[in-house]
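Work through the exercises below with the sequence and the structure at hand. Each task is followed by its solution in steps.

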Amino acid sequence: FVSPTVCFELSMPALLPAALPRDPASANTRSEWIREAVLVLLVIAAGIGLRLAYPSRMAVEHFDEGVYASNRWFGEREDYQYPNRYLYAPPLLPALIEWSFVLFGPSNFAAMLPSLLAGCLTVPLVWKVVRGWLGPRIALAAALLVAGSDLHIAFSRAALTDVLVLFWIIAAVGVGSRAFVNGSPLAAVGAGILTGLAWWTKYNGWLPLAILGSGGVAWALIPGS
C-alpha cells in the first residue's frame, strides 16, 4: 500500500517541471536577472522622481530659455520665431517646446517637458549602453550616478538644449559602437540619424562623429580595443 502523500511527492517533478528548475545555474541566473531588473527600475524611478519633484518651482528664467520658448509669440514677419534665433540654437528644441504648448497649453511645465522627458530617459539609456560595454554592475553604477546627478537634474528642469543634446549623443555613440562590433549597416545609419538629431539640437551635436571616429581608428589599429 502506497500512501497518497508518497504518490503526490513522486508526481511533483512531472507536474511542475517549469516551476521547479532542476539546473541550479539556471535558477541562479534567473534570480540575478530579477535582482538586476528590480535595482534598475528603482534607480530609474528615483531619477524620474528627482526630475519631476516640485513642478511649481520650474520656471523659464534664463534668457536663452525665453528665446527657445517664444515661437508662438512671433508672427509671419519674424518667421514665427525669435529674431535671429539661429544664433542661439538649431530649431529642434524650440519646435518641440512649441508643440508642447500646442498640445498642453503654454506653461512653465510645458516649456520644460522636452528636457524633462530627455532627462528621465537618459537614465535607462546610460544603463543600456554601458551594460553592453562593461557589464551589469558598472551599468547600474553609471545609471545611479546619472539619476542622482545634481547638474543633470537641474538642466532637466530647464528649457535648454543641454540635456536633449546629451541624450542624442549618448544614443548615437551607443548605436555607433554596435556598428563597429557587429558590422551592422543599419546600426551605422541609426548612429548617423541620431547624430543629425544632436546637431539639430545644439551646434556641438557633431561630437558623436569625433567620438566614433577616434574610436574607429583605435578599433582598426588595436585588435580587441
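This is a predicted model: local features need pLDDT of at least 70, side-chain atom pairs count only at pLDDT 80 or more; totals for chains, interfaces and linings use all residues.

**Exercise 1. Check the span of H9 and find which of its residues are buried.**

Step 1. H9 has 17 residues, which at 1.5 Å a residue should span 24 Å. The end C-alpha atoms of H9 are 25 Å apart, in agreement with that value.

Step 2. The buried residues of H9 are Ala-187, Gly-190, Ala-191, Leu-194, Thr-195, Ala-198 and Thr-201.

Step 3. Viewed down the axis of H9, these buried residues fall within an arc of 140 degrees, so they line one face of the helix.

Step 4. Turned away from that buried side is a face of H9 with the exposed residues Pro-185, Leu-186, Val-189 and Ile-193.

Step 5. The cover over the buried residues of H9 includes H4, H8 and H10.

**Exercise 2. Repeat the analysis for H10 and state what its buried residues pack against.**

Step 1. With 15 residues, H10 reaches 21 Å from its first C-alpha to its last, close to the 21 Å expected at 1.5 Å a residue.

Step 2. Pro-208, Leu-212 and Gly-216 are the buried residues of H10. They cover an arc of only 60 degrees around the axis, which puts them on the same side of H10.

Step 3. These buried residues pack against H8 and helix H9, the latter running over residues 185-201.

**Exercise 3. Determine the setting of Ser-100.**

Step 1. Ser-100 belongs to helix H4, residues 92-104.

Step 2. Ser-100 has 5% relative accessibility and therefore counts as buried.

Step 3. Apart from neighbours within four places in sequence, Ser-100 is in contact with Gly-105, Ala-110 and Leu-113.

**Exercise 4. Describe the largest pocket: its volume, its lining and the elements that supply the lining.**

Step 1. The largest pocket holds about 510 Å³ of space.

Step 2. Its lining consists of 21 residues, and those nearest the centre are Trp-133, Val-173, Gly-174, Ser-177 and Arg-178.

Step 3. Two or more lining residues come from each of helix H5 (108-134), helix H8 (162-182) and helix H10 (207-221). H8 gives the largest share, 9 residues.

Step 4. Sorted by class, the lining has 12 nonpolar, 6 polar and 3 charged residues.

**Exercise 5. Summarise the chain as a whole: how many helices and strands does it have, what share is buried, and how far apart in sequence are its contacts?**

Step 1. The chain has 10 helices and 0 strands. From the N terminus on, the order of elements is α-α-α-α-α-α-α-α-α-α.

Step 2. Of the 225 residues in the chain, 35% are buried.

Step 3. Take the contacts between residues at least 6 apart in sequence: 66% of them join residues at least 24 apart.

Key. Residues are numbered from 1 along each chain as its sequence is written. Side-chain values use heavy atoms; hydrogens and water are left out. On a 1 Å grid over the protein atoms alone, a cavity is a set of points where a 1.4 Å probe fits but cannot get out, and a pocket is an open set with protein on both sides within 12 Å along at least five of seven lines; lining residues have an atom within 4 Å of a point. Grid points are joined across faces, edges and corners, and a volume is the space filled by probe spheres set on the points. Helices (H or I, at least four residues) and strands (E, at least two) are DSSP runs, numbered from the N terminus. Ala, Val, Leu, Ile, Met, Phe, Trp, Tyr, Cys and Pro count as nonpolar, Asp, Glu, Lys and Arg as charged, and the others, Gly among them, as polar. The expected span of a helix is 1.5 Å times one less than its number of residues. Buried means under 20% relative accessible area, exposed over 50%, partly exposed in between (1.4 Å probe, protein chains only). The arc is that of the directions from the helix axis to the C-beta atoms. Contact means heavy atoms within 4.5 Å.
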